[in-house]
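I opened this entry to keep a record of what I looked up, item by item. The sequence and the model come first, and my notes follow.

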Amino acid sequence: MPILTLQNISKRYGAVQALAGVSFEVPAGSVFGILGPNGSGKTTLLGIVTDVLKADTGHFTLFDKTPTARERRQIGTLLETPNFYHYLSGYENLEISAAVKQRGKDDIARVLDICGLTQRQHSAFKTYSLGMKQRLAIAGVLLGDPEVLILDEPTNGLDPAGIAEVRDLVRRLAGTGKTIILASHLLDEVEKVCTHVAILRKGNLLLSGAVNEVISRNDYIEIAAADNHALQSLLLRYPGCTSAELNGGLLKVMFAAQPDAAAINNYCAQQGIWLSHLQLRKKSLETAFLEITNTPVQ
Amino acid sequence: MKQIIYTEWLKVKNYRTFWAMLLLALIIIPAGNFMVADKFTENLQQLSKLVGNPFSFPDVWLTMASINSYISALFGLLLIILVTNEYTYRTNRQNIIDGWERKHFVYAKLFWLVLLALLTLIVATISAILVGVIYGNKPVSFEGYEYMLYYFLQLIVMLTIALLIGVLVKRAGLAIVLFVAYNMMLDQLLTFLLKRYVGTVGGLLPLQSGDELLPFPLVGKMVATSDHYDTYVYILAMLCYIILGIFLVFRKILKSDL
């Protein structure tokens, strides 16, 4: 059963087409990354899913049902900014979240502890630092241990240690079989945890699906020899090689298909060039992402 | 509904501004009642021999309702703050995200509207009884209590306007300015212009409809009231404004982006 199914969702703000006919499916148990540069429609999309925004056209289902508040109560959501009553303490704010979610208060202590706010739980929200506000929002998401989480830029405002903690938390939650929908423009955040992605640009869905299927991230090799220029011209003649760039003392060589390091080594040796360095590298998601988002929309 | 009321209670339980304003708004009623009764009794004893004591039952109901209708705007401000806070803190979104239907948000604010109105009616009733007992010279009687109910209806109209402005404007400052301007001036000004250039229909504006039913006692007795509809017309007008206002609030919250 898909957790979320979007069908042809469109939304326009005046002259700006925030979303243009977006459709995709979030399978249960996946860590689903919604990627896109700032202003690509990620938050608008999640706003529609959580009913704070209304789509112009299209429809969506949650848990295969027409979405109502009942479905939303089973999802922990952090959308855009931490939204809390400034004059109440962190604890009191979570009491309100718990009441709206129709859950007891017994889980509040646990989520405050996970987010490292136990010490400051009785201070007013307005006295919190940006990072603490974000942590409280994440505590709100975790309240009641929901099976589905929607996290919109969850590491906003956090320091490097906090970012690592959140990433770790997402990975741990994913490990327990929860479905996590994660919107971010920080690619390494997504790269490290996501099983599926949807990539948005200017409201258009560029692609979506399992990470390994939709983003071609062929490995490339880094290679070096005594005469790198000779090596470069040699490799450019190698079948399937698409580019060979000299980068410092190393040659970065790309291929149309998965490269075979042993075959390349053999090829060079046969041509009389002995390699001093050969390493298989994985193309970063960032590179793949930029390749995808830089191609013009048809 | 119990869940909604409990959530609203959590929102205000430790909110000092709310309690301070509520207390102030409630104190103003008996304070205003007693001040007028005291000054009047002191200064205008001759007049009261002529027209009767406006603080004796049953006249005290009209007198107090009429005075109260001038001093109830604070409840509107309180409701505006409760509504615009949600927009300022964007908790109107969070409540929906966490699992309210959009209509629940409207119910929550209607709950405050009804509660504030009822609270005011109770305090105003007690205050009027006390004034009647202390400054009047007749035994307690609920004859003429309908004036208090007109006041109650006018209060609900006023709170509906506050709610509507809060929901439409979203920002506390501007909403308060608009509400106060309408409450203190615009409604009267429009009434004045309409009555002058069109006719009796000018008395049917939202707040004026209540005022028409709550003439200041002495004046009401001295001025001829020929340009006046029957009571039920004004009551109907007020009910229409309440229904229209609440309908617009629902439409805004249910249809628009939050």
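Is A:R172 buried or exposed? I found A:R172 exposed, with a relative accessible area of 52%, where buried means under 20% relative accessible area, exposed over 50% and partly exposed in between (1.4 Å probe, protein chains only).

Conventions. I am working with a predicted model, in which local features need pLDDT of at least 70 and side-chain atom pairs count only at pLDDT 80 or more, while totals for chains, interfaces and linings use all residues. Residues are numbered from 1 along each chain as its sequence is written, chains are lettered from A and ligands numbered from 1 in the order in which they are written, and side-chain values use heavy atoms, with hydrogens and water left out.

Salt bridges within a chain. I looked up the partner of A:R172 and found A:D168, the two side chains meeting in a salt bridge at 3.8 Å, N to O; the term requires a side-chain nitrogen of Lys or Arg within 4 Å of a carboxyl oxygen of Asp or Glu. A:D168 and A:R172 are four residues apart in helix α6 (residues 160-175) of chain A, so about one helical turn separates them; helices (H or I, at least four residues) and strands (E, at least two) are DSSP runs, numbered from the N terminus. A:D168 is partly exposed at 37%. I also noted A:D107 and A:R110, whose closest N and O atoms are 2.6 Å apart in a salt bridge; A:D107 counts as buried at 16% relative accessibility, whereas A:R110 is partly exposed at 33%. In chain B, the side chains of B:K195 and B:E212 form a salt bridge at 2.5 Å, N to O, and this pair links distant parts of the chain, with B:K195 in helix α9 (residues 172-197) and B:E212 in helix α10 (residues 206-213), 17 residues apart. Over all chains the structure holds 21 salt bridges.

Interface. I then turned to chain A and chain B, which bury about 2,800 Å² between them, 52% of it on carbon and sulfur atoms; buried area is the accessible area (1.4 Å probe) that two parts lose on being put together, summed over both. The contact (heavy atoms within 4.5 Å) takes 30 residues from chain A and 28 residues from chain B. Six salt bridges are counted between the two chains, and A:K11 forms a salt bridge with B:D257, with the closest N and O atoms 2.6 Å apart. On the side of chain A that touches chain B, β1 (2-13), α2 (69-72) and α3 (90-100) of chain A each supply at least two residues, and α3(A) gives the most, with six residues. I also recorded a network of salt bridges that links A:D51, A:K54, A:R72, B:E101 and B:R102.

Helix α9 of chain A. In this helix (residues 228-236), I found A:N228, A:L231, A:Q232, A:L234 and A:L235 buried. Seen down the helix axis, the buried residues fall within an arc of 165 degrees, so they line one face of α9(A); the arc is that of the directions from the helix axis to the C-beta atoms.

Backbone. I checked the peptide bond from B:F57 to B:P58, which is cis, with omega near 0 degrees. In strand β1 of chain A, A:N8 has a positive phi near 55 degrees.
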